[in-house]
Amino acid sequence: MTLLRAPNPGPMTLDGTNTWLLRAPGAERGLVVDPGPDMAEHLAAIAERRPFGAILITHGHADHVEGAQALSGRLGGTPVLAADPQHGAPFDGLAPEGLNIEVLGTPGHTHDSVSFVVSLGDERVVLTGDTILGRGTTVVAWPDGHLGDYLASLERLSAYRGVVALPGHGPALTDTGAAAAFYHAHRTARLDQVRDAVRAGAATAQEVVARVYADVDRSLWWAAEWSVRAQLDYLHGLDREFPSGSAGLDPP
């Protein structure tokens with residue numbers, strides 16, 4: 001496994017987008033996971049390590065997929081594979097050399113989010129995209145993101161105890177299952193806080209953010225508002241007395 005980090009740091013991308021290069025020992029062709037933004041310097045660094053059999057996409061956010069077609073062109077037409085057909089061909093065409101790769105549907109952060117379980121002999125890693133990050137927690141951005149799906153995906157990933165996680169941003173984690181369990185507990189606690197905020201009189205997503213995310217830097221409240229929309233939408237599905245994810249907000 002080789003990490004090439006794109007030079008696009010920021011509040012949502014942490015140190016930058018992680019591009020992971022996979023190649024079995026002795027194999028001619030490797031795989032690229034998440035080529036990142038369309039930045040010539042970064043794509044050139046990836047292309048220097050050719051040849052590759054495929055470019056894999058964990059989800060369709062621009063900081064992960066924007067450079068995919070440009071990289072494919074640099075590599076002479078290497079296929080791009082993704083869950084969403086607007087970003088690539090189906091994963092059915094994946095034929096890695098010397099590696100075993102299982103594609104896990106892990107929607108929630110986005111509708112098309114997937115993770116990759118990569119095995120070589122007795123060694124396994126899980127490439128989690130933005131479903132699990134190397135630092136902090138991820139945003140579930142309503143309406144493309146869905147909290148119910150996200151919680152189910154975390155439960156699925158919690159089965160990978162002791163397996164290293166290679167995330168889309170931030171450092172690698174030693175235990176995918178433990179990270180997934182932590183994320184699930186965090187989300188459940190946030191849901192309780194959102195319930196309490198609504199019962200205390202918060203009538204809009206902005207008002208919920210002000211109560212629940214008061215300890216978060218105000219410059220990031222716009223991102224917290226995405227998550228609150230998803231939380232309200234999820235709670236509305238459980239209890240129709242709760243406002244929907246769009247409560248008090250202009251349509252996205």
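Reader: Is the crossing of α5 and α6 left-handed or right-handed?
Author: This is a predicted model: local features need pLDDT of at least 70, side-chain atom pairs count only at pLDDT 80 or more, and totals for chains, interfaces and linings use all residues. A crossing is left-handed if the near helix is turned anticlockwise from the far one by less than a right angle, and right-handed if clockwise. For α5 and α6, the crossing is right-handed.

Reader: At what angle do α5 and α6 pack?
Author: Helices (H or I, at least four residues) and strands (E, at least two) are DSSP runs, numbered from the N terminus. Axes are lines fitted to C-alpha atoms, for helices over the stretch in contact, and angles run from 0 to 180 degrees between N-to-C directions. The axes of α5 and α6 are 9 Å apart, and the packing angle of these two helices is about 115°.

Reader: Which residues of α6 meet α5?
Author: Residues are numbered from 1 along each chain as its sequence is written, and side-chain values use heavy atoms, with hydrogens and water left out. Contact means heavy atoms within 4.5 Å. On the α5 side you will find Arg-190, Gln-193, Val-194, Ala-197 and Val-198. Facing them in α6 are Val-208, Arg-211 and Val-212.

Reader: How many residues in the contact of α5 with α6 are nonpolar?
Author: Ala, Val, Leu, Ile, Met, Phe, Trp, Tyr, Cys and Pro count as nonpolar, Asp, Glu, Lys and Arg as charged, and the others, Gly among them, as polar. In the contact of α5 with α6, two residues are charged and one is polar. The nonpolar residues there number five.

Reader: At roughly what angle do the axes of α6 and α7 cross?
Author: Helix α6 covers residues 205-212, and helix α7 covers residues 221-238. Their axes come within 9 Å of each other. The crossing of α6 and α7 is right-handed, and its angle is roughly 110°.

Reader: What word describes how α6 and α7 are set to each other?
Author: Angles under 35 degrees count as roughly parallel, over 145 as roughly antiparallel, 65 to 115 as roughly perpendicular and the rest as oblique. The axes of α6 and α7 cross at roughly 110°. These two helices are therefore roughly perpendicular.

Reader: Which residues of α7 make the contact with α6?
Author: Start on the α6 side, which brings Ala-205, Gln-206, Val-208, Val-209 and Ala-210. The α7 side of the contact is made by Trp-221, Ala-224, Glu-225, Val-228 and Leu-232.

Reader: How many nonpolar residues does the contact of α6 with α7 have?
Author: One residue of this contact is polar, and one is charged. That leaves the nonpolar class of the contact of α6 with α7, which has eight.

Reader: Which residue does a cis peptide bond join to Trp-142?
Author: Look in the loop between β8 (123-129) and α4 (147-157), where Pro-143 has its place. Omega of the cis bond is about 5°, and the residue joined to Trp-142 is Pro-143.

Reader: What is phi of Leu-14, near which value?
Author: Most residues other than glycine have a negative phi. Leu-14 is found in the loop between β1 (2-5) and β2 (18-22). Its phi is positive in a residue other than glycine, with a value near 55°.

Reader: And near which value is phi of Asp-34?
Author: Asp-34 is found in the loop between β3 (30-33) and α1. Here too a residue other than glycine has a positive phi, and for Asp-34 that phi is near 60°.
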